[in-house]
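Here is a friendly note to read alongside the structure below. Take the points in order and find each residue as you go.

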Amino acid sequence: MASSVGQRGGAWSVTAGGYGSSMDWTTLLLDQLTFHWEAQARPRLDGLGDAEYVWEPVPGAWSIRPRGEATTPLAAGGGDRVIDFAYPAPSPTPVTTIAWRLGHVSVGVFGARVASHFGGPPLDYGSVDWPADAAGALALLDQAYAGWVEGVKGLDGAALAQPCGPAEGPFAEYPMAALVLHIHREAIHHLAEVALLRDLYAHRQDR
């Protein structure tokens, strides 16, 4: 039976008579991220400068900064720089710089999961040597993204259905597919926030 795809109530759907058990879920899940990365997210980071990387749009913004200038109780890092953090987070949640958001995506979103699920090197907020400049941050991001994509490529349908395991704490029993979707949502929305910060920097009043 031929498959059909259409919109119902604003949501895309595939008819039941379509792909069935031959659906390539690995490719579909990856396309959610890789299309956005290649067409929008990564090109929007081209030309990122060092001043823009650490620009604080409002007072009290969280960032990555020299250890001696840390402003939060749980600021973490393995080298000369730390990333601002507090738990529980203040209310309202602080605005974060491009540096902070790229660090979160590189380490907390991609890197830690590459380490815990795909055999990558250990990586967490407390041990990473945070980049001092935009070029270093983009190199770290590219490396973490590539490691995640390569890891997901190795997951077949059976692996995607398996519990993601103790590395995900209270979500250990969720299927690996749910983790993949979560990581992609995190990356997409944080990188969209970075794009907005770039627009705000380009139109700032003190330029």
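1. Let's start with the second largest pocket. Gly-111, Val-114, Gly-120, Pro-121, Pro-122, Leu-123, Leu-140, Gln-143, Ala-144 and Gly-147 line this pocket. A pocket here is an open set of points on a 1 Å grid over the protein atoms alone, where a 1.4 Å probe fits, with protein on both sides within 12 Å along at least five of seven lines; lining residues have an atom within 4 Å of a point. About 200 Å³ of space lies in the second largest pocket, a volume being the space filled by probe spheres set on the points.

2. Before going on, please note that this is a predicted model, in which local features need pLDDT of at least 70 and side-chain atom pairs count only at pLDDT 80 or more, while totals for chains, interfaces and linings use all residues. Residues are numbered from 1 along each chain as its sequence is written, and side-chain values use heavy atoms, with hydrogens and water left out.

3. Which helix gives the most to the lining of the second largest pocket? Helix 4 does, with 4 residues. Helices are DSSP runs (H or I, at least four residues) and strands likewise (E, at least two), numbered from the N terminus. By class, this lining has 6 nonpolar, 4 polar and no charged residues; Ala, Val, Leu, Ile, Met, Phe, Trp, Tyr, Cys and Pro count as nonpolar, Asp, Glu, Lys and Arg as charged, and the others, Gly among them, as polar.

4. Now compare the largest pocket, with a volume of about 250 Å³. Its lining has 15 residues, and Trp-62, Thr-93, Trp-100, His-104 and His-190 lie nearest its centre. Helix 3 gives the most to this lining, with 3 residues.

5. Next, look at Glu-168. Its side chain joins that of His-117 in a polar contact of 2.8 Å (a pair of N or O atoms within 3.5 Å, where within protein one must be able to donate a hydrogen and the other to accept it, and residues adjacent in sequence count only if both atoms are side-chain atoms). Glu-168 also forms a salt bridge with Arg-113, the closest N and O atoms being 3.0 Å apart (a side-chain nitrogen of Lys or Arg within 4 Å of a carboxyl oxygen of Asp or Glu). Both Arg-113 and Glu-168 are buried, meaning under 20% relative accessible area, with exposed over 50% and partly exposed in between (1.4 Å probe, protein chains only).

6. Finally, Arg-65 forms a salt bridge with Glu-56, at 3.3 Å between the closest N and O atoms. Arg-65 also meets Asp-84 in a salt bridge of 2.9 Å.
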